[in-house]
Amino acid sequence: NSSDLSPSAFILASIPGLEAAHFWMAILLCSVYILAVTGNCAVLFIVKMEPSLHAPMYFFLCMLAAIDLALSTSTVPRVLSFYWFNTREISFSACLVQMFLIHTLSAIESTVLLAMAVDRYVAICHPLRHAAILTNAATVKIGLVAMARGVLFFLPLPLLLLPLPFCSSRVLSHSFCLHQDVMNLACANTTPSMVYGLTAILLVMGLDAILICLSYILILKAVLRLASWKERLKVFSTCVAHICVVLAFYVPLIGLSVVHRFGKDLAPLVHIVMGNVYILVPSVLNPIIYGVRTKQIQRRILNLIHIHHD
C-alpha cells in the first residue's frame, strides 16, 4: 500500500484501564511542569541579576536551565493536550521534529555536564590557572560546540526514518516520540538506523559519562592529597551539586535505555512513567539542587520572597 510509505500519524501511548484518570494525571504532570519552568526561569534570572554568579560554572548552569526548559516544553504541552483533550494522534513530521529535539537537547545537556566536570577539575587541581583557562569567551565557545555536537550527531536519526515504510500498528509506547520507539514500528530493515542510533548515544552520552568519571577520579586523587579531612570535605563539597545533577540526568537515561532494550514485556505504565521521569526529573531537580547548594542563589530567592511579601 503506497500510503504505508508516508504515514500520516502515530498514536501516543495510553495506559490501559486508566483512561478515566487522565484528567488527574494531567493535573499532576502540569504541576510538575510549572515547577520545572519556574525553577529554571528563576535560575536564569538570578544568575543574570547577581554579579557574583557571573562565572563559568553558573553560565553552564544557565545553559542547563535553558536546555531543560526547551526539553520539557517540546514534550509536556503535547502530552497535556493528549490527556486533557484526548488528541492521541501526532503527525509523522511533528513526531520526527519532537524526536530530534529530545535527542539533540539531551546530547547538548550531556556535553554541558562534561564541561562542568572539567570546570570542577580545573578549579580544584589547577586553581591558579582556572581563571585563565575557563574564561567567559571559552564558556561561550563550549556552549556553541555542545550545540553543534548535538545537532550533527542526532540530525541523521529522523533522516534515516524518513524513507521507511511503517506498519498498520502505529501505537507508540510513550506519550512522545523517541527514536527507538518510532523505529520499532517500521516494516523494513532498521539495522542502519539502529546501529547509527546506538553509535551516536555511545559516542556522545557514553563518552561523556566516561570522561566525567575520569574527571572525578582525578579530583578525588587531588582531594586525598590534602592534609586534613576538614580541607578534603570543604574542597569536595564544591562538587556535590554537580554530582547530584549528573546522577539526575544519567540514571533516568540509563533506566529508559534498559526499559527500551529489555522491557518489551513490561506493563505500558512502566514505559510511560520512565519516559516522563527522563523528561521531567532533571528539569525539576537541577534548579532545586543548585538552589540548596549555592548561598548566592538562596539569598537572592529569599530577597525576592521578602520583597514580594512586603
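I call a residue buried under 20% relative accessible area, exposed over 50%, and partly exposed in between (1.4 Å probe, protein chains only). I am working from a predicted model, where local features need pLDDT of at least 70, side-chain atom pairs count only at pLDDT 80 or more, and totals for chains, interfaces and linings use all residues. Residues are numbered from 1 along each chain as its sequence is written, and side-chain values use heavy atoms, with hydrogens and water left out.

**Entry: Asn86**

I looked up Asn86 for its backbone. Its phi is positive, about 60°, although Asn86 is not a glycine. I found Asn86 in the loop between helix H3 (76–85) and strand S2 (89–91). My helices (H or I, at least four residues) and strands (E, at least two) are DSSP runs, numbered from the N terminus. Asn86 counts as exposed because its relative accessibility is 53%.

**Entry: salt bridges**

How many salt bridges does a search of the whole structure find? It finds two. I take a salt bridge as a side-chain nitrogen of Lys or Arg within 4 Å of a carboxyl oxygen of Asp or Glu. Side chains of opposite charge can pair when their charged atoms come close.

I checked burial here, and both Arg120 and Asp119 are buried.

The other entry I made is for Arg149 and Asp208, whose side chains meet at 2.9 Å, N to O. This pair links distant parts of the chain: Arg149 sits in helix H6 and Asp208 in helix H9 (residues 191–224), 59 residues apart. Arg149 counts as buried because its relative accessibility is 17%. Asp208 is buried too, at 0% relative accessibility.

**Entry: H6 against H9**

Next I looked at the two helices that carry this pair. The axes of H6 and H9 come within 10 Å and cross at roughly 160°. I use axes that are lines fitted to C-alpha atoms, for helices over the stretch in contact, with angles that run from 0 to 180 degrees between N-to-C directions. The crossing angle makes H6 roughly antiparallel to H9. My angle classes are roughly parallel under 35 degrees, roughly antiparallel over 145, roughly perpendicular from 65 to 115, and oblique for the rest.

Which residues make the contact of H6 with H9? H6 gives Arg149, Leu152, Phe153 and Phe154, while H9 gives Tyr196, Ala200, Ile201, Leu203, Val204, Met205, Leu207 and Asp208. Contact means heavy atoms within 4.5 Å. By class I get 10 nonpolar, no polar and two charged residues. Ala, Val, Leu, Ile, Met, Phe, Trp, Tyr, Cys and Pro count as nonpolar, Asp, Glu, Lys and Arg as charged, and the others, Gly among them, as polar.

**Entry: H2 against H6**

I then followed H6 to another partner. The axes of helix H2 (residues 56–73) and helix H6 (residues 136–154) come within 10 Å and cross at roughly 25°. That makes H2 roughly parallel to H6. Their crossing is right-handed. I call a crossing left-handed if the near helix is turned anticlockwise from the far one by less than a right angle, and right-handed if clockwise. Pro56, Phe59, Phe60 and Met63 of H2 make the contact with Asn136, Thr139, Ile142 and Gly143 of H6. I note five nonpolar, three polar and no charged residues.

**Entry: H4 against H11**

Helix H4 (residues 92–125) and helix H11 (residues 240–262) pack at about 155°, with their axes 11 Å apart. H4 and H11 are therefore roughly antiparallel. This crossing is left-handed. Ser106, Glu109, Ser110, Leu113, Met116 and Ala117 in H4 meet His242, Val245, Val246, Phe249 and Tyr250 in H11. The classes are seven nonpolar, three polar and one charged.

**Entry: single residues**

Leu185 lies in the loop between helix H8 (179–183) and H9. Is Leu185 buried or exposed? Leu185 is buried, with a relative accessible area of 12%. Not counting residues up to four places away in sequence, Leu185 touches Phe10, Phe166, Cys167, Ser169, Arg170, Val171 and Leu172.

I found Asn276 in helix H12 (residues 268–293). Asn276 is buried, at 18% relative accessible area.

Ala132 belongs to helix H5 (residues 130–133). Ala132 is exposed, at 63%.
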